[in-house]
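Trainee: I'd like to learn how to read the features of a model like this one. Could we go through it together?

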Amino acid sequence: MIQEVLLALAGHPSSLCAEHSTNTPDAFSLVNPAERTLLLSVGRLGELHRALKSQTQQIRRQHASVICKAVAHSILSVHLPKFQQHIETVERNVLLKDASSVGAYNIVPLASIIQEFTEWKRILEWYWEIACFVAPTNNSTVTSESRLGNVCTGPSLLDKLRADMNTGYQDIEDAATQLLVVGEQALMRIVSCWLLTGRLPDVGRADFFVQQNTHTSNQTISHVLERQLIPTSVSVETASSVLFIGKTVRMLGETGSGSTIHIARQSRSVATSLMPTTMSNLRTINYPLKSALLSAVITTIRRDLSRALGNSVLPMHAVLDVLTHIRNFFLAGRSDFTDYLIDEADKYLDQRHQQTRATSRSVANTDLVGITMKATEVRTVMNRTWVAVSSSSAKETLQVYETEWAHEHLTLKLSQSADLDAGLEEIIASEDNNATLAVGAKFDDFLLATPVELKLNLDSSYNLFLLHQDRRLYSTIQTYLIAIRRAHNHVSRLWKDGALRKTVNGNKKRKSNATLVHQRATDMRKIWTTCSTTIAALSEIGSFFSTEVIDQSWSTFRQWAAPQKAHRKLDTSEGGASSSIQDEATTFPNLPHDLETLAIAHRHYLETLAQSLLLTDEPWTRTMRSLLTHVDNMVAFVTRHQLAQANVELYSGNVDGYLRSKYVREEDHLFEEAKKSCVRVEEAVSKLTDRLKHINFNELKRTALDTAQSSFEPWQPGNGGIERLLLRLDMRCKEGPD
């Protein structure tokens, strides 16, 4: 019987210890009830041993997670053999008639044998719980709260093992610690591959918290953090640093399309020289992992990498210089560029509209909906803009340098609707992006009546700092600001240069038409009042965005990035701009933040800026887009109405009254359409004002700061700023006609 018991414990099937056998009274008549209970416990341990072997072998063969496979292999090859060794030890003691197992008259008590395996029951049940957590069976009751779908991931298993270290049982704590070390070593092998080569390993990438971005629409490979794959032993900041280091090493190992041969050689040299240092730092990691120590090691690797980049490939002063140019050309810092771009686009559209009118004489065709721009036409508009900007800034050395830089790195391109939608989806779907853009935040079709956007073309090394989502967000903000500026310029031009306003102001060349002029002045008074209100609203909103939101946000970020003397040195330049930048690099070689810290702060600054510009508020963006559309219609109808009035006066003395009556009907039709457009504009302005009253900037600020991953605290307008804007809007918008 003793041999049968030991074989059953070893996992062999035994009819003596089977549950159905012990429950049958006639099966073993010589076995008393107490012995049956003991044999039943033996049978359960044997079945558990046998099931553990089968389950762990299945996990090792079929499971997708390398960490789960490693833990299962450790249970099968290290922990279960310890149980088998204990069985052999008990058998050896029985054969050698050891007093601990054999009593008087060579009797081996069954209870003493079972007592030898009492402590193993708890640990074997815990092993079975872990096995069922990885691959649940029909009889298992393991919950899957930390699973990814219905599949157990490596990080969720590591979290389970770390939690089980605190059960209070020493044997379970020791076993959980050993299995956790095995799992974390498997994870760190994956992390090491990413840190050293910048590439995801072929085996084990499903367990890694860095995954290839599946939302990107461009052909370049990008990577993002999967927060649900980050184990508790790794902080989010540490995981973000791991992502940054791997992306940097990948960039250094590749030659980008915009990289020169010299930069490519420098990049590969930096990547090669850093590999021994990185391996040495990784060897200092102890297991099980401690979050603080792991963070310190990753921080050391990141700083070494940033220092190497700053010395050769991507100096910090060059990054700040690029950000300054982006602020000037994407965030309306150079108002001359914005105005010239709008003017040149309007001139080109006027030419196209003249051609369209030559083929279509319909009165209702007053907009530019039917015009489709080609890529060559868009380039023509941009080239004319650069000519105008260069001629206006010929005497300013710094502006000349900025214009040359922008001419080389900025292009105006057509944006296909599918690409635009995919780009916005990337911004919205990015987990690192706290500023979720509103669905209606698309203003790219106002400038040239077809979707266009200003794109930034930089060396591939800047991809470490400016993600594809960041460039998309800059383009979105630029189209938003330029659409508001364009509408303001159009209404202002109509207000200043309108022929009808000159007539209203008393320029009456024909005394006989005094009554007609007075009637026209009375009819147009409401339209000019709407134009005045619209100019005031767009002016106040644009001024609030540019002089308060953007300027204050940029000043706060710039002061944090390059404080005190470095800040003033980088902002001012008297002599040659290119040589002054080199002087800055020599005078201030070490800025207070490494590249990743600066990149995180810049991303937070950009997201907060999008919130402050209300691009994340869907009611606001939809109403603003509606207002800009109605303004375009109003300007078009009023302009056509002026032409119709001129034609009426031209043919007033014609003996043939057909032409005059035709233009009179056209004048009446356009006047009615203009009045309808004015009503829509006033309603949109009123809705914008009402929406501002319901926006709480203090809540936006608190939400943004709670998600910060750096010491940088971006500036945001409080409710005081929005109240001042509301006060100015209310004062202007309530002014009625005389």
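Trainee: How many helices and strands does the secondary structure of the protein come to?

Mentor: The protein has 26 helices and four strands. Both are DSSP runs numbered from the N terminus: H or I over at least four residues for helices, E over at least two for strands. Before going on, note that this is a predicted model, where local features need pLDDT of at least 70, side-chain atom pairs count only at pLDDT 80 or more, and totals for chains, interfaces and linings use all residues. Residues are numbered from 1 along each chain as its sequence is written, and side-chain values use heavy atoms, with hydrogens and water left out.

Trainee: Okay, what share of the residues is buried?

Mentor: Buried means under 20% relative accessible area, exposed over 50%, and partly exposed in between, with a 1.4 Å probe and protein chains only. Here 49% of the 738 residues are buried.

Trainee: And which residues touch the most other members of the largest nonpolar core?

Mentor: General idea: in soluble globular proteins, nonpolar side chains tend to be buried together. A nonpolar core is a set of buried Ala, Val, Leu, Ile, Met, Phe, Trp, Tyr and Cys residues joined through side-chain atoms within 4.5 Å. The largest one here has 184 residues, and Trp126, Phe209, Leu448, Tyr480, Phe545 and Met624 touch the most other members. Helix α19 (residues 514–561) gives the most to this core, with 16 residues.

Trainee: Trp126 is on that list. Which residues of α6 are buried?

Mentor: Trp126 is one of them, and others include Trp120, Ile123, Leu124 and Tyr127. Helix α6 itself covers residues 118–134.

Trainee: How do I read an aromatic pair?

Mentor: You describe a pair of aromatic rings by the distance of the centres and the angle of the planes. Rings of Phe, Tyr and Trp (its six-membered ring) pair if their centres lie within 6.5 Å; planes under 30 degrees apart count as stacked, over 60 as edge-to-face and the rest as tilted. This structure holds 19 such pairs. Tyr480 and Phe545 form a tilted one, 5.8 Å centre to centre with 45° between the planes. Tyr480 sits in helix α17 (residues 468–497) and Phe545 in helix α19, 65 residues apart. Both are buried.

Trainee: Why is the pair of Trp560 and Phe712 tilted?

Mentor: Because their planes are at 55°, with the ring centres 5.3 Å apart. Trp560 lies in helix α19 and Phe712 in the loop between α25 (697–706) and α26 (719–733), so this pair ties together parts 152 residues apart in sequence.

Methods: Expected span 1.5 Å × (residues − 1).
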